[in-house]
Amino acid sequence: MSMVLSRPVRSVPVARPSLTEAEEQAVVGALRSGWVSQGPMVARFEHAFAEYAGAAYAIAVSSCTTALHLALIGAGVQAGDEVLCPSLSFIATANAIVHAGAVPVFVDVDQSTFNIDPACIQAAVTPKTKAILVVHQIGLPADMDAISELARRHNLVVVEDAACAAGSMHGSRKIGSPFGLSVCFSFHPRKILTTGEGGMITTDDALLAERLRRMRQHGMSISDLDRHNARKLMVETYDEVGYNCRMTDIQAAMGLVQLGRLESMISRRRELALRYTEALSRVDWLVAPVEATSGRHNFQSYMVRVLPHGPVTRDQLMLHLLEQGISSRRGIMAIHREKAYLKASWDEKLPVTNRITDSTIILPLFHDMSDDDQACVIECIEQATHRP
Ligand SMILES: *Cc1c(COP(=O)(O)O)cnc(C)c1O
(Lines give C-alpha, C1' and ligand atoms only; values in the text may rest on other atoms or scores of the structure.)
Protein backbone atom coordinates (compact mmCIF):
# COMPACT_ATOMS: atom_id res chain seq x y z
CA MET A 1 0.00 0.00 0.00
CA SER A 2 1.30 3.44 -0.88
CA MET A 3 1.34 5.78 2.10
CA VAL A 4 3.09 8.84 0.70
CA LEU A 5 1.76 9.18 -2.81
CA SER A 6 -1.47 11.01 -2.39
CA ARG A 7 -3.48 11.51 -5.51
CA PRO A 8 -6.47 13.80 -5.71
CA VAL A 9 -9.43 12.14 -4.10
CA ARG A 10 -11.98 11.49 -6.75
CA SER A 11 -15.64 11.50 -5.93
CA VAL A 12 -18.03 10.17 -8.54
CA PRO A 13 -21.67 10.00 -7.47
CA VAL A 14 -23.93 7.35 -8.96
CA ALA A 15 -26.43 9.98 -10.13
CA ARG A 16 -26.98 13.70 -9.95
CA PRO A 17 -29.81 15.82 -11.35
CA SER A 18 -28.88 18.29 -14.08
CA LEU A 19 -30.13 21.72 -13.06
CA THR A 20 -29.15 24.92 -14.83
CA GLU A 21 -29.76 28.63 -14.51
CA ALA A 22 -32.84 28.16 -16.70
CA GLU A 23 -34.54 25.99 -14.06
CA GLU A 24 -33.49 28.51 -11.41
CA GLN A 25 -35.05 31.40 -13.31
CA ALA A 26 -38.23 29.43 -13.99
CA VAL A 27 -38.67 28.72 -10.28
CA VAL A 28 -38.07 32.37 -9.39
CA GLY A 29 -40.56 33.35 -12.10
CA ALA A 30 -43.22 31.12 -10.55
CA LEU A 31 -42.56 32.59 -7.10
CA ARG A 32 -42.85 36.14 -8.42
CA SER A 33 -46.08 35.36 -10.28
CA GLY A 34 -47.87 35.03 -6.96
CA TRP A 35 -49.39 31.70 -8.02
CA VAL A 36 -47.44 28.92 -6.30
CA SER A 37 -49.95 26.05 -6.00
CA GLN A 38 -51.47 24.13 -8.94
CA GLY A 39 -52.28 26.77 -11.55
CA PRO A 40 -51.33 28.02 -15.03
CA MET A 41 -47.81 26.54 -15.01
CA VAL A 42 -49.14 23.06 -14.21
CA ALA A 43 -51.59 23.40 -17.12
CA ARG A 44 -48.75 24.44 -19.46
CA PHE A 45 -46.53 21.58 -18.29
CA GLU A 46 -49.37 19.10 -18.85
CA HIS A 47 -49.96 20.32 -22.41
CA ALA A 48 -46.26 20.22 -23.26
CA PHE A 49 -45.83 16.75 -21.73
CA ALA A 50 -48.87 15.28 -23.51
CA GLU A 51 -47.59 16.63 -26.80
CA TYR A 52 -44.06 15.31 -26.18
CA ALA A 53 -45.24 11.85 -25.14
CA GLY A 54 -47.90 11.53 -27.84
CA ALA A 55 -50.91 11.25 -25.55
CA ALA A 56 -54.22 13.11 -25.73
CA TYR A 57 -54.15 14.10 -22.04
CA ALA A 58 -51.60 14.53 -19.26
CA ILE A 59 -52.51 15.01 -15.60
CA ALA A 60 -49.76 16.30 -13.29
CA VAL A 61 -49.61 14.91 -9.76
CA SER A 62 -47.35 14.93 -6.70
CA SER A 63 -45.34 11.76 -7.45
CA CYS A 64 -45.36 8.60 -9.50
CA THR A 65 -46.67 6.74 -6.46
CA THR A 66 -49.78 8.93 -6.34
CA ALA A 67 -50.00 8.73 -10.14
CA LEU A 68 -50.09 4.92 -9.93
CA HIS A 69 -52.60 5.00 -7.09
CA LEU A 70 -55.01 7.24 -9.02
CA ALA A 71 -54.40 5.38 -12.30
CA LEU A 72 -55.31 2.05 -10.68
CA ILE A 73 -58.48 3.46 -9.15
CA GLY A 74 -59.25 5.01 -12.54
CA ALA A 75 -58.76 1.55 -14.09
CA GLY A 76 -61.54 0.24 -11.86
CA VAL A 77 -59.24 -1.70 -9.52
CA GLN A 78 -61.10 -2.44 -6.32
CA ALA A 79 -60.62 -4.10 -2.95
CA GLY A 80 -59.74 -7.77 -3.36
CA ASP A 81 -58.71 -7.53 -7.02
CA GLU A 82 -55.35 -8.95 -8.04
CA VAL A 83 -52.91 -6.86 -10.05
CA LEU A 84 -49.92 -8.46 -11.78
CA CYS A 85 -46.57 -6.66 -11.51
CA PRO A 86 -42.89 -7.50 -11.32
CA SER A 87 -41.23 -7.95 -7.93
CA LEU A 88 -38.04 -6.63 -9.52
CA SER A 89 -38.99 -2.97 -9.15
CA PHE A 90 -38.93 -0.10 -6.72
CA ILE A 91 -41.33 -0.88 -3.87
CA ALA A 92 -43.70 1.95 -4.88
CA THR A 93 -44.97 -0.23 -7.75
CA ALA A 94 -46.48 -2.72 -5.29
CA ASN A 95 -47.36 -0.10 -2.67
CA ALA A 96 -49.64 1.70 -5.13
CA ILE A 97 -51.54 -1.55 -5.74
CA VAL A 98 -52.05 -1.96 -1.98
CA HIS A 99 -53.06 1.73 -1.68
CA ALA A 100 -55.81 0.98 -4.21
CA GLY A 101 -57.02 -1.88 -1.95
CA ALA A 102 -55.82 -4.61 -4.28
CA VAL A 103 -53.32 -7.46 -4.00
CA PRO A 104 -50.03 -7.43 -5.92
CA VAL A 105 -49.24 -10.74 -7.64
CA PHE A 106 -45.56 -10.88 -8.55
CA VAL A 107 -44.50 -12.14 -11.96
CA ASP A 108 -40.92 -13.09 -12.85
CA VAL A 109 -38.81 -11.07 -15.26
CA ASP A 110 -36.70 -11.70 -18.32
CA GLN A 111 -33.01 -12.08 -17.48
CA SER A 112 -31.72 -9.82 -20.25
CA THR A 113 -34.31 -7.02 -20.27
CA PHE A 114 -35.14 -6.94 -16.52
CA ASN A 115 -38.77 -6.49 -17.58
CA ILE A 116 -41.83 -8.64 -16.81
CA ASP A 117 -41.62 -11.90 -18.78
CA PRO A 118 -44.77 -12.32 -20.92
CA ALA A 119 -44.26 -16.09 -20.76
CA CYS A 120 -44.81 -15.95 -16.97
CA ILE A 121 -47.97 -13.82 -17.08
CA GLN A 122 -50.36 -16.57 -18.17
CA ALA A 123 -49.62 -18.75 -15.12
CA ALA A 124 -50.26 -15.85 -12.73
CA VAL A 125 -53.74 -15.00 -14.03
CA THR A 126 -56.69 -16.03 -11.81
CA PRO A 127 -60.41 -15.13 -11.92
CA LYS A 128 -59.53 -12.24 -9.56
CA THR A 129 -56.93 -10.68 -11.84
CA LYS A 130 -58.03 -7.21 -12.89
CA ALA A 131 -54.98 -5.49 -14.31
CA ILE A 132 -51.30 -5.69 -15.26
CA LEU A 133 -49.03 -2.97 -13.92
CA VAL A 134 -46.19 -3.09 -16.44
CA VAL A 135 -42.87 -1.49 -15.47
CA HIS A 136 -40.51 -0.16 -18.15
CA GLN A 137 -37.58 -0.94 -15.89
CA ILE A 138 -34.77 1.63 -15.73
CA GLY A 139 -36.00 3.06 -19.02
CA LEU A 140 -36.06 -0.02 -21.26
CA PRO A 141 -39.58 -0.46 -22.72
CA ALA A 142 -41.25 -3.76 -21.85
CA ASP A 143 -42.52 -6.14 -24.55
CA MET A 144 -45.82 -4.30 -25.03
CA ASP A 145 -46.92 -6.28 -28.11
CA ALA A 146 -46.93 -9.58 -26.21
CA ILE A 147 -48.31 -8.01 -23.02
CA SER A 148 -51.15 -6.21 -24.83
CA GLU A 149 -52.10 -9.47 -26.54
CA LEU A 150 -52.21 -11.35 -23.21
CA ALA A 151 -54.21 -8.53 -21.64
CA ARG A 152 -56.76 -8.71 -24.47
CA ARG A 153 -57.03 -12.47 -24.15
CA HIS A 154 -57.68 -12.32 -20.37
CA ASN A 155 -59.63 -9.06 -20.40
CA LEU A 156 -57.13 -7.21 -18.18
CA VAL A 157 -56.54 -3.47 -17.98
CA VAL A 158 -52.95 -2.36 -18.68
CA VAL A 159 -51.41 0.47 -16.65
CA GLU A 160 -47.76 1.36 -17.32
CA ASP A 161 -45.31 2.30 -14.56
CA ALA A 162 -43.04 4.50 -16.65
CA ALA A 163 -41.40 6.13 -13.62
CA CYS A 164 -38.00 5.72 -15.27
CA ALA A 165 -39.04 5.89 -18.91
CA ALA A 166 -39.56 9.56 -19.87
CA GLY A 167 -38.28 9.86 -23.43
CA SER A 168 -37.92 6.09 -23.99
CA MET A 169 -39.39 4.70 -27.18
CA HIS A 170 -41.12 1.46 -28.17
CA GLY A 171 -40.55 1.29 -31.90
CA SER A 172 -41.30 4.78 -33.18
CA ARG A 173 -43.70 5.47 -30.32
CA LYS A 174 -42.79 7.37 -27.16
CA ILE A 175 -43.51 5.74 -23.82
CA GLY A 176 -46.47 7.81 -22.62
CA SER A 177 -48.58 7.14 -25.67
CA PRO A 178 -50.67 4.52 -23.84
CA PHE A 179 -50.63 0.87 -24.90
CA GLY A 180 -53.36 0.31 -22.35
CA LEU A 181 -55.36 2.77 -20.32
CA SER A 182 -52.78 5.07 -18.75
CA VAL A 183 -49.07 5.65 -18.16
CA CYS A 184 -47.42 7.00 -14.97
CA PHE A 185 -44.16 8.96 -14.74
CA SER A 186 -41.91 10.07 -11.87
CA PHE A 187 -40.07 13.38 -11.61
CA HIS A 188 -38.08 12.44 -8.50
CA PRO A 189 -34.44 13.66 -8.70
CA ARG A 190 -33.25 10.08 -9.27
CA LYS A 191 -35.07 10.11 -12.62
CA ILE A 192 -33.94 11.92 -15.79
CA LEU A 193 -36.51 14.72 -15.72
CA THR A 194 -37.01 16.17 -12.26
CA THR A 195 -39.30 18.64 -10.52
CA GLY A 196 -37.95 17.80 -7.04
CA GLU A 197 -40.95 15.58 -6.41
CA GLY A 198 -43.66 15.09 -8.98
CA GLY A 199 -45.44 12.76 -11.35
CA MET A 200 -47.64 12.64 -14.45
CA ILE A 201 -50.37 10.39 -15.81
CA THR A 202 -50.96 10.25 -19.55
CA THR A 203 -54.06 8.78 -21.18
CA ASP A 204 -56.09 8.97 -24.39
CA ASP A 205 -59.37 8.53 -22.49
CA ALA A 206 -61.20 11.85 -22.07
CA LEU A 207 -63.54 10.69 -19.31
CA LEU A 208 -60.70 9.13 -17.34
CA ALA A 209 -58.64 12.33 -17.68
CA GLU A 210 -61.53 14.36 -16.23
CA ARG A 211 -61.96 11.95 -13.37
CA LEU A 212 -58.23 11.94 -12.57
CA ARG A 213 -58.22 15.76 -12.51
CA ARG A 214 -61.02 15.69 -9.95
CA MET A 215 -59.54 12.88 -7.89
CA ARG A 216 -56.17 14.61 -7.54
CA GLN A 217 -57.87 17.57 -5.89
CA HIS A 218 -60.27 16.27 -3.27
CA GLY A 219 -62.86 15.14 -5.81
CA MET A 220 -63.67 18.80 -6.55
CA SER A 221 -65.72 19.36 -9.69
CA ILE A 222 -63.86 22.52 -10.80
CA SER A 223 -60.21 23.48 -10.48
CA ASP A 224 -58.89 26.55 -8.66
CA LEU A 225 -57.69 27.86 -12.01
CA ASP A 226 -61.08 27.53 -13.69
CA ARG A 227 -62.76 29.24 -10.77
CA HIS A 228 -60.18 32.01 -10.82
CA ASN A 229 -60.68 32.56 -14.54
CA ALA A 230 -64.48 32.31 -14.44
CA ARG A 231 -66.52 35.46 -15.02
CA LYS A 232 -69.46 34.13 -13.15
CA LEU A 233 -69.91 32.69 -9.70
CA MET A 234 -68.94 29.02 -9.67
CA VAL A 235 -69.87 26.59 -6.93
CA GLU A 236 -68.00 23.31 -6.81
CA THR A 237 -69.41 19.90 -5.92
CA TYR A 238 -67.75 16.75 -4.57
CA ASP A 239 -69.23 13.60 -6.07
CA GLU A 240 -66.67 11.06 -4.88
CA VAL A 241 -63.97 10.83 -2.21
CA GLY A 242 -60.80 12.34 -3.67
CA TYR A 243 -57.19 12.91 -2.66
CA ASN A 244 -54.71 15.74 -2.58
CA CYS A 245 -52.09 14.77 -5.17
CA ARG A 246 -51.47 18.18 -6.66
CA MET A 247 -48.24 19.42 -8.20
CA THR A 248 -47.26 23.04 -7.49
CA ASP A 249 -46.66 25.72 -10.14
CA ILE A 250 -43.10 26.03 -8.78
CA GLN A 251 -42.48 22.39 -9.68
CA ALA A 252 -44.23 22.66 -13.05
CA ALA A 253 -42.13 25.71 -14.02
CA MET A 254 -39.03 23.63 -13.37
CA GLY A 255 -40.54 20.68 -15.24
CA LEU A 256 -41.20 22.75 -18.37
CA VAL A 257 -37.52 23.69 -18.57
CA GLN A 258 -36.44 20.10 -17.90
CA LEU A 259 -38.82 18.82 -20.58
CA GLY A 260 -37.26 21.25 -23.07
CA ARG A 261 -33.85 19.78 -22.23
CA LEU A 262 -34.96 16.13 -22.16
CA GLU A 263 -33.84 15.15 -25.66
CA SER A 264 -30.36 16.57 -25.13
CA MET A 265 -30.13 14.93 -21.70
CA ILE A 266 -31.06 11.57 -23.23
CA SER A 267 -28.45 12.04 -25.99
CA ARG A 268 -25.71 12.56 -23.43
CA ARG A 269 -26.84 9.57 -21.36
CA ARG A 270 -26.91 7.37 -24.44
CA GLU A 271 -23.43 8.51 -25.41
CA LEU A 272 -22.12 7.58 -21.95
CA ALA A 273 -24.05 4.30 -21.91
CA LEU A 274 -22.78 3.20 -25.30
CA ARG A 275 -19.22 3.99 -24.23
CA TYR A 276 -19.66 1.82 -21.13
CA THR A 277 -21.08 -1.01 -23.21
CA GLU A 278 -18.22 -0.80 -25.69
CA ALA A 279 -15.57 -0.81 -22.95
CA LEU A 280 -17.24 -3.49 -20.84
CA SER A 281 -17.47 -5.86 -23.80
CA ARG A 282 -13.81 -6.53 -23.01
CA VAL A 283 -14.65 -7.56 -19.44
CA ASP A 284 -15.82 -11.15 -19.78
CA TRP A 285 -17.32 -11.45 -16.28
CA LEU A 286 -19.77 -8.56 -16.75
CA VAL A 287 -22.94 -8.47 -18.84
CA ALA A 288 -23.81 -5.04 -20.25
CA PRO A 289 -27.50 -4.05 -20.49
CA VAL A 290 -29.38 -4.71 -23.72
CA GLU A 291 -30.52 -1.91 -26.01
CA ALA A 292 -34.13 -1.61 -27.13
CA THR A 293 -34.43 -4.00 -30.09
CA SER A 294 -36.47 -1.36 -31.87
CA GLY A 295 -37.03 1.93 -30.15
CA ARG A 296 -34.90 3.76 -27.64
CA HIS A 297 -33.54 3.08 -24.15
CA ASN A 298 -33.19 6.38 -22.24
CA PHE A 299 -30.57 4.81 -19.94
CA GLN A 300 -32.21 6.22 -16.85
CA SER A 301 -29.79 3.84 -15.11
CA TYR A 302 -26.91 1.74 -16.37
CA MET A 303 -27.13 -1.65 -14.71
CA VAL A 304 -24.70 -4.49 -15.32
CA ARG A 305 -24.76 -8.10 -14.18
CA VAL A 306 -21.76 -9.69 -12.48
CA LEU A 307 -21.36 -13.30 -13.62
CA PRO A 308 -20.84 -15.92 -10.90
CA HIS A 309 -17.38 -17.10 -11.95
CA GLY A 310 -15.66 -13.72 -12.21
CA PRO A 311 -12.73 -12.51 -10.07
CA VAL A 312 -15.01 -10.50 -7.76
CA THR A 313 -18.52 -10.74 -6.46
CA ARG A 314 -21.02 -7.93 -6.95
CA ASP A 315 -20.46 -6.62 -3.43
CA GLN A 316 -16.67 -6.82 -3.79
CA LEU A 317 -16.89 -4.83 -7.01
CA MET A 318 -18.94 -2.15 -5.23
CA LEU A 319 -16.33 -1.98 -2.47
CA HIS A 320 -13.49 -1.86 -4.99
CA LEU A 321 -15.15 1.10 -6.76
CA LEU A 322 -15.84 2.85 -3.46
CA GLU A 323 -12.15 2.63 -2.52
CA GLN A 324 -11.50 4.77 -5.62
CA GLY A 325 -14.19 7.27 -4.65
CA ILE A 326 -16.75 5.85 -7.10
CA SER A 327 -20.30 5.34 -5.84
CA SER A 328 -22.48 2.58 -7.20
CA ARG A 329 -25.73 0.99 -6.13
CA ARG A 330 -27.00 -2.52 -5.85
CA GLY A 331 -29.28 -3.41 -8.73
CA ILE A 332 -33.06 -3.15 -8.59
CA MET A 333 -34.62 -4.47 -5.41
CA ALA A 334 -36.88 -7.52 -5.18
CA ILE A 335 -40.07 -6.36 -3.50
CA HIS A 336 -41.08 -9.89 -2.41
CA ARG A 337 -38.06 -10.06 -0.09
CA GLU A 338 -39.07 -7.04 1.96
CA LYS A 339 -40.88 -7.61 5.22
CA ALA A 340 -43.92 -5.68 4.00
CA TYR A 341 -44.47 -8.27 1.25
CA LEU A 342 -42.80 -11.38 2.64
CA LYS A 343 -44.65 -14.60 1.81
CA ALA A 344 -42.81 -17.92 1.66
CA SER A 345 -44.18 -19.01 -1.69
CA TRP A 346 -42.91 -16.02 -3.67
CA ASP A 347 -39.26 -16.97 -3.52
CA GLU A 348 -39.55 -20.18 -5.52
CA LYS A 349 -41.75 -18.52 -8.14
CA LEU A 350 -39.25 -15.76 -8.89
CA PRO A 351 -35.87 -17.37 -9.66
CA VAL A 352 -34.80 -14.82 -12.28
CA THR A 353 -35.80 -11.89 -10.07
CA ASN A 354 -33.69 -13.34 -7.26
CA ARG A 355 -30.70 -13.87 -9.52
CA ILE A 356 -30.88 -10.36 -11.00
CA THR A 357 -31.29 -8.56 -7.70
CA ASP A 358 -28.33 -10.48 -6.22
CA SER A 359 -25.92 -10.00 -9.10
CA THR A 360 -26.50 -6.56 -10.57
CA ILE A 361 -24.86 -3.21 -9.93
CA ILE A 362 -25.80 0.27 -11.10
CA LEU A 363 -22.80 2.24 -12.37
CA PRO A 364 -22.49 6.05 -12.23
CA LEU A 365 -24.25 7.76 -15.12
CA PHE A 366 -25.55 11.34 -15.09
CA HIS A 367 -25.78 14.28 -17.45
CA ASP A 368 -22.77 16.20 -16.16
CA MET A 369 -20.51 13.16 -15.80
CA SER A 370 -17.19 13.94 -17.48
CA ASP A 371 -15.54 11.60 -19.99
CA ASP A 372 -12.62 11.55 -17.59
CA ASP A 373 -14.75 10.34 -14.68
CA GLN A 374 -16.21 7.63 -16.87
CA ALA A 375 -12.76 6.53 -18.01
CA CYS A 376 -11.86 6.16 -14.34
CA VAL A 377 -14.88 3.98 -13.60
CA ILE A 378 -14.00 1.76 -16.56
CA GLU A 379 -10.34 1.56 -15.53
CA CYS A 380 -11.32 0.69 -12.00
CA ILE A 381 -13.54 -2.17 -13.21
CA GLU A 382 -10.73 -3.48 -15.44
CA GLN A 383 -8.38 -3.39 -12.42
CA ALA A 384 -10.82 -5.56 -10.51
CA THR A 385 -10.14 -8.30 -13.04
CA HIS A 386 -6.56 -8.43 -11.77
CA ARG A 387 -7.42 -8.18 -8.11
CA PRO A 388 -5.54 -10.84 -6.15
C1 LIG B 1 -39.03 5.85 -8.74
C2 LIG B 1 -40.03 4.85 -9.03
C3 LIG B 1 -41.35 4.94 -8.54
C4 LIG B 1 -41.78 5.99 -7.54
O5 LIG B 1 -41.69 7.29 -8.02
P6 LIG B 1 -42.00 8.52 -7.00
O7 LIG B 1 -42.14 9.68 -7.93
O8 LIG B 1 -40.79 8.63 -6.12
O9 LIG B 1 -43.22 8.20 -6.26
C10 LIG B 1 -42.27 3.99 -8.95
N11 LIG B 1 -41.93 2.99 -9.77
C12 LIG B 1 -40.67 2.85 -10.25
C13 LIG B 1 -40.36 1.72 -11.20
C14 LIG B 1 -39.67 3.76 -9.89
O15 LIG B 1 -38.43 3.60 -10.35
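Mentor: Let's start with Phe299, which sits in the loop between β11 (295-296) and β12 (302-306). Helices (H or I, at least four residues) and strands (E, at least two) are DSSP runs, numbered from the N terminus.

Trainee: Is Phe299 buried or exposed?

Mentor: Phe299 is buried, because its relative accessible area is 1%. Buried means under 20% relative accessible area, exposed over 50%, and partly exposed in between, with a 1.4 Å probe and protein chains only. Phe299 also has a positive phi of about 50°, although it is not a glycine.

Trainee: Before I go on, what sort of model is this?

Mentor: This is a predicted model, in which local features need pLDDT of at least 70 and side-chain atom pairs count only at pLDDT 80 or more, while totals for chains, interfaces and linings use all residues. Residues are numbered from 1 along each chain as its sequence is written, and side-chain values use heavy atoms, with hydrogens and water left out.

Trainee: Okay, helix α6. Which residues of α6 are buried?

Mentor: Helix α6 covers residues 144-154, and its buried residues are Met144, Ile147, Ser148, Leu150 and Ala151. They are on the same side of α6 because they cover an arc of only 160° around the axis. The arc is that of the directions from the helix axis to the C-beta atoms.

Trainee: What do those buried residues pack against?

Mentor: They pack against α5 (118-124), β4 (129-135), β5 (157-161) and β6 (169-170). Contact means heavy atoms within 4.5 Å. The face of α6 turned away from the buried side carries the exposed residues Asp145, Arg152 and Arg153.

Trainee: And which residue follows α6?

Mentor: Asn155 follows α6, in the loop between α6 and β5. Its phi is near 60°, a positive value in a residue other than glycine. Asn155 counts as exposed because its relative accessibility is 68%.

Trainee: How far is Asn155 from Lys130?

Mentor: The two are 25 residues apart in sequence and 7.9 Å apart in space, C-alpha to C-alpha. Lys130 lies in strand β4 and, at 28% relative accessibility, counts as partly exposed. Leaving aside neighbours within four places in sequence, the contacts of Lys130 are Ala75, Gly76, Val77, Asp81, Glu82, Leu156 and Val157.

Trainee: Switching to helix pairs. At what angle do α2 and α9 pack?

Mentor: Helix α2 (residues 40-53) and helix α9 (residues 249-280) pack at an angle of about 25°, with their axes 7 Å apart. That makes α2 roughly parallel to α9. Axes are lines fitted to C-alpha atoms, for helices over the stretch in contact, and angles run from 0 to 180 degrees between N-to-C directions. Angles under 35 degrees count as roughly parallel, over 145 as roughly antiparallel, 65 to 115 as roughly perpendicular and the rest as oblique.

Trainee: What about α3 and α7?

Mentor: Helix α3 (residues 64-74) and helix α7 (residues 206-215) pack at an angle of about 130°, with their axes 10 Å apart. That makes α3 oblique to α7. The contact is made by Leu70, Ala71, Ile73 and Gly74 of α3 and Leu208, Arg211, Leu212 and Met215 of α7.

Trainee: Last one: where is Ser328?

Mentor: Ser328 is in the loop between α10 (314-323) and β13 (329-330). At 8% relative accessibility, Ser328 counts as buried. Not counting residues up to four places away in sequence, Ser328 touches Val14, Met318, Leu321, Ile361 and Ile362.
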